[in-house]
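The tour below goes from one selection to the next and says what is found at each stop.

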Amino acid sequence: MKFKTVLGLALACASLAFTAAAPAQTYKSEYKMSLVVGPAFPWGKGGEIWANLVRERTQGRINIKLYPGVSLIQGDQTREFSAIRQGVIDMAVGSTINWSPQVKELNVFSLPFLMPDFAAADALTQGDVGKEIFKVIDKAGVVPLAWGENGYREISNSKLAIKRPADMKGLKIRVVGSPLFLDTFTALGANPTQMSFADAQPALATGAVDGQENPLSIYTAAKLHNSAQKHITMWGYVNDPLIFVVNKEVWASWTEADRNIVRQAAIEAGKQEIAIARKGLIEADKPLLKDIAALGTTITQLTPEERAEFVKATRPVYDKWKNQIGAGLVSTAEKSIAARKK
C-alpha cells in the first residue's frame, strides 16, 4: 500500500510538472496572420512590423507568416472575423468595416461624416469608445490588443469631379460588403457594388465600375490612377480604424511573458502604422496631395457648404444606424468628438 501511495504521488507530481511545461510545447511552428493588403500598403506594413517585433523579442518562439489578400478565406474580407474566432486564422490586423457584419458596434466608425478630422478619430479609438469596442471584441471570442488606421476614405471615379450629391447619381461605386455602406451610397444616388479589393482593381480598369472609396495611401500604392481613376474628391466621410487581434485559443497557449511581448509589440506596431498611414496628410502643405496631382489626377476639395450637402443627404442613414449600432455608444462617440483637443 505504501509503495502504491508513493507511486501515485510520484505520478501525480510528474503529471503536474508536465502540465506546467505544456504551454511551451503547444506553440506552433508558424502562426498565420491575415491581412487584406501586403506591406506595400501602410496596413500591411503594420502587420509586418508587428510580426518582426514579435519574432525578434521571443527569439523565434512565435514565428508569424503574413497572408495578404485575405487568402486564408479565399479573399472574402467580411468572413475574416469569423475565421479568427474559429481558429482558421491565428492573428490579424483587420478593418472595423470588414468585421462590422459580425460585430455591429464597429459600424460606429462608418457612420457618415461622424469624424471630421484625425483628432476625432483618436478621441474615439483612444477613449471610452475604444475601450468599449475592445470589450465587445473580447466578448465575441477574439483578443484585441491595439489600434491601427487605414485612414480617411476619399472617393475617386473615372467620370467627373464630384462636388455635390447630384454628381454621384447613377455612378457605379465599388464598396465593401457592409449594409451601412450600401445605405450611404444609395442615399447619395449612386449605384453601390459590393466586391473585394482584389476584384475591384480589374473592375475599375475595365470600366465595370466607375469609382471606389479608399484612403489615399491605398490609391497611391495600388496605382489606381492607372485604372482610370482620374478624379478624387476629398470628403473624409469615414475613417477606417484597424485592430490588431489574436485568436483566443492561440493567446491562451502562450506564456504570460510572451503574451505581454505580443501585446506591447502590437501597440508599438500600431503607433508606427498610424504614422505611416497619415504621412503626407497631416503636414500643412499635404505633400501626398501634390504627389497625386502630379500623376494627372484632378483633386477636388469641398467647401464647407458643399460638404454640408453630403452631410444632409446622408443624415437619414446616420439616424437609422445609430439605433442599430446602439444609441448609447454613438452618443458617447459624439460627446468624445465634441470634447476632443484639436
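**Strand 10 and its partners**

Begin by selecting strand 3 (residues 91-95) together with strand 10, which run antiparallel and are joined by five bridges; strands are DSSP runs of E of at least two residues, helices are runs of H or I of at least four residues, both numbered from the N terminus, and two strands pair if DSSP finds at least two bridges between them. This is a predicted model, in which local features need pLDDT of at least 70 and side-chain atom pairs count only at pLDDT 80 or more, while totals for chains, interfaces and linings use all residues. Residues are numbered from 1 along each chain as its sequence is written, and side-chain values use heavy atoms, with hydrogens and water left out.

Within this pair, Val93 has Phe244 of strand 10 as its bridge partner.

How many of the nine residues of strand 10 (residues 239-247) are buried? Nine of the nine are, so strand 10 is largely enclosed by the rest of the structure, where buried means under 20% relative accessible area, exposed means over 50%, and partly exposed lies in between (1.4 Å probe, protein chains only). Show the side chains to see that both faces are covered, with Asn239, Pro241, Ile243, Val245 and Asn247 on one side and Asp240, Leu242, Phe244 and Val246 on the other.

Next, select the open sheet of six strands, whose order is 7-6-8-5-9-11 and whose pairing is mixed. Strand 7 (191-194) and strand 11 (298-301) stand at the edges with a single partner strand each, so one side of each is left without a neighbour in the sheet.

Strand 9 runs antiparallel to strand 5, with three bridges between them, and Ser156 has Ile232 as its bridge partner. Strand 9 also runs parallel to strand 11, with four bridges, among them one that pairs His231 with Thr298.

Then centre on Asn157, which lies in strand 5 (residues 154-157) and is buried, with a relative accessible area of 1%. Leaving aside neighbours within four places in sequence, Asn157 is in contact (heavy atoms within 4.5 Å) with Ile162, Leu171, Asp210, Gly211, Ala228, Gln229, Lys230 and His231.

Now select helix 2 (residues 42-57) and helix 11 (residues 256-278), whose axes come within 8 Å and cross at roughly 150°. That makes helix 2 roughly antiparallel to helix 11, a description used for angles over 145 degrees. The residues that make the contact include Trp43, Ile49 and Leu53 of helix 2, and Ile261, Ala265 and Ile276 of helix 11.

**Zooming out**

Finally, show the whole protein, which comes to 14 helices and eleven strands. Its C-alpha trace spans about 90 × 40 × 35 Å along the principal axes, and buried residues make up 53% of the 342 residues.

How values were computed: Axes fitted to C-alpha atoms, helices over the stretch in contact; angles between N-to-C directions. Parallel < 35°, antiparallel > 145°, perpendicular 65-115°, else oblique.
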